[in-house]
Amino acid sequence: GDAGRLLTDTEHNVYFTADDPGLPAGDPRRTRVRSAKGGLAYDQIPSGSPLRVAYESDELTAFVAAALGGGNLYRHADELGALNVMYYAEAGGHGWHFDGADAVVTLMLQPPLGGGRFEYVPMLRSAGNENREGVRRLLQGDRSGIRSMSGAAGTLALFRGHDSPH
């Protein structure tokens, strides 16, 4: 069953910001997307599980830091958000969004049973350019910049989720 699991079905904009009726028509912050997913939080994943062992590994943390260009990388201290497992039922999914964190590490645990793809647009925005027009086009169905990640179990993706909608 789903007892103890987080289940959500919500609407949000790509930035996860509050509605602002003062925004001009066509502004991507006015466009709503749907996310329907389930999840397990860090404290629900057994301490000896391969996922926890990998997440807590100093060697893997160093590898990810190097792969992302060096610098310090810290594991999340939040007992709920540090590591999470997301799953999607039929008709579920995660609407386009930017992450609050600069980088994201995603590990595919199993392939989709049907449909379902992990899609992203690399570096659609940057610190100096929000590129709201590019975001608007994406939300209106422009697929020209979209890339897909393999859905095979074991696929590890490292990407700049803050600047790359996915």
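Reply: One term first: a residue is called buried under 20% relative accessible area, exposed over 50%, and partly exposed in between, with a 1.4 Å probe and protein chains only. By that rule Leu60, at 33% relative accessibility, counts as partly exposed. This is a predicted model, in which local features need pLDDT of at least 70 and side-chain atom pairs count only at pLDDT 80 or more, while totals for chains, interfaces and linings use all residues. Residues are numbered from 1 along each chain as its sequence is written, and side-chain values use heavy atoms, leaving out hydrogens and water.

Me: Where does Leu60 lie?

Reply: Leu60 lies in helix H2, and helices here are DSSP runs of H or I with at least four residues, just as strands are runs of E with at least two, both numbered from the N terminus.

Me: And which residues make the nonpolar surface patch?

Reply: Leu60, Phe63, Val105, Leu107, Leu109 and Leu156 make a nonpolar surface patch of about 520 Å². Patches are built from residues with over 30% relative accessible area and no salt bridge, where like charges are joined within 9 Å and nonpolar side chains (Val, Leu, Ile, Met, Phe, Trp, Tyr) within 5 Å. The areas come from the Shrake-Rupley method with a 1.4 Å probe, and for residues only the protein chains shown count as cover. Helix H2 (58-67) and strand S5 each supply at least two residues of this patch.

Me: Which residues of S5 are on the covered face, and which on the uncovered one?

Reply: Val104 and Thr106 form the covered face of S5, whereas Val105 and Leu107 form the uncovered one. In a regular strand the side chains alternate between the two faces of the sheet.

Me: Is Thr106 buried or exposed, then?

Reply: Thr106 counts as buried because its relative accessibility is 17%. Leaving aside neighbours within four places in sequence, Thr106 is in contact (heavy atoms within 4.5 Å) with Phe118, Met149, Thr155, Leu156, Ala157 and Phe159.

Me: What is the bridge partner of Thr106 in S8?

Reply: The partner is Ala157, which sits with Phe159 on the covered face of S8 (residues 156-159), while Leu156 and Leu158 are on the uncovered face. S5 and S8 run antiparallel and are joined by 4 bridges; strands are taken to pair if DSSP finds at least two bridges between them.

Me: Changing topic, which residues of helix H3 are buried?

Reply: In H3 (residues 132-139) the buried residues are Gly134, Val135, Leu138 and Leu139. They lie on the same side of H3 because they cover an arc of only 135° around the axis, the arc being that of the directions from the helix axis to the C-beta atoms. These buried residues pack against strand S2 (33-40).

Me: What follows H3?

Reply: H3 is followed by Gly141, whose phi is positive, near 110°.

Me: On to charges: how many salt bridges are there?

Reply: The count comes to 14 salt bridges, where a salt bridge is a side-chain nitrogen of Lys or Arg within 4 Å of a carboxyl oxygen of Asp or Glu. Among them is the one between Arg34 and Asp9, with the closest N and O atoms 2.9 Å apart. Arg34 lies in strand S2 and Asp9 in strand S1 (residues 6-12), so this pair ties together parts that are 25 residues apart in sequence.

Me: Which residue forms a salt bridge with Arg143?

Reply: That is Glu119, with the closest N and O atoms 2.4 Å apart. Glu119 counts as buried at 18% relative accessibility, whereas Arg143 is partly exposed at 49%.

Me: And which residues are linked in a network of salt bridges?

Reply: Arg125, Glu130, Arg132 and Asp163 are linked in such a network.
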